[in-house]
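Subject: Model handover

Hello,

Here is the model I said I would pass on. My notes on it follow below.

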Amino acid sequence: MPKRSAISPSRRQELEVRNALYVITCYQNEFYCENHPQGICPRGFFSLFLQALYGIGFAKRHKVPYYVDFGNVRYAYSSYPTDSGAENFWNELVNQEKPKGDFHAVYNQQYETFPLKIWARSHLRELNQIFREEITLIDSLKTKIKKVKKSFGTFKVLGVHWRKTDHYMEVSPVPEKVFMHTLERKLKGFDKLFVATDDQNLLGNLKDKFPGKILAHDVSRSIDGEPIHDIKAGNDGSCLAKEALLDCLSLSFCDELVLSPSNFSYSALVFNPEVKYTIMETEMARWTRIKTLLVFFLNRWGIRKW
């Protein structure tokens, strides 16, 4: 009996077709994007980023050339938000070359690349290795990241990702007073607090509460509670993607983290699997996370079968 994650003989045949090219993308309704028939994908950046990492890992394991293509529909991170067309926004962040010649496209399937968050150091290290070996960011991003890392090195920095706006739709958040109390307690041992948040009002409140302590990038944030990656908002998608990467990588440079249970937070741990962190989550969210972790390892060990 195969593991749940094992590929079927027919799928293996698809991957072994001559000149097969594994295409990683948000494909049709595989990822529950209801607006795909209208040519729109509303997913957040790090949901797509993690999918790309999982897809690259899958392709490498099966020795198939791959190409990340987020240009099949219009994403919130496409370079022009009002056009009906779409470009591959991944190419504006990452140096990748499409294999030359004629290829037979084999599109990723959900079970191969779904961006599961497995909160285990061993798994985070595996994803980090894929990132380091397979993804090369464009030079302008690398230059900004290098400057941030150098500036953080002069302080002992506590990092926080406090997600607001649409977070409640995915995971029930802990009360704000609990989150704030944790920051107050931990910040006593740090010089600075780096804040990665999508909410401008929250950033202002933290600056008032911890004067002189806050580090934050000048990036797009919501002022009305609506998510900034809402395609209807007409934001500069390419800019949003670059800001998201810079914020997340900056978070990974911190000495310790306080995190919302989000794809953004999880990606910061992918960038730095060794950093100490605390997840601010409800008891229900914690048990859901643990059950996902357990099922993942049972499957990997071959215990959980069809």
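In helix α10, Ala 285, Phe 296, Phe 297 and Asn 299 are buried (under 20% relative accessible area, with exposed being over 50% and partly exposed in between; 1.4 Å probe, protein chains only). Viewed down the axis of α10, the buried residues fall within an arc of 160 degrees, so they line one face of the helix (the arc is taken over the directions from the helix axis to the C-beta atoms). Met 284 and Lys 291 are exposed and sit on the face of α10 turned away from its buried side. The buried residues of α10 pack against α4 (121–134), where contact means heavy atoms within 4.5 Å.

This is a predicted model, in which local features need pLDDT of at least 70 and side-chain atom pairs count only at pLDDT 80 or more, while totals for chains, interfaces and linings use all residues. Residues are numbered from 1 along each chain as its sequence is written, and side-chain values use heavy atoms, leaving out hydrogens and water. Helices (H or I, at least four residues) and strands (E, at least two) are DSSP runs numbered from the N terminus.

There is also an open sheet of 3 strands, ordered β3-β1-β5 with parallel pairing; two strands pair if DSSP finds at least two bridges between them. Its edge strands, β3 (66–68) and β5 (104–107), each pair on one side only. β1 (residues 20–24) pairs with β3 in the parallel sense over 3 bridges, and Tyr 22 stands opposite Tyr 66 in β3.

Regards
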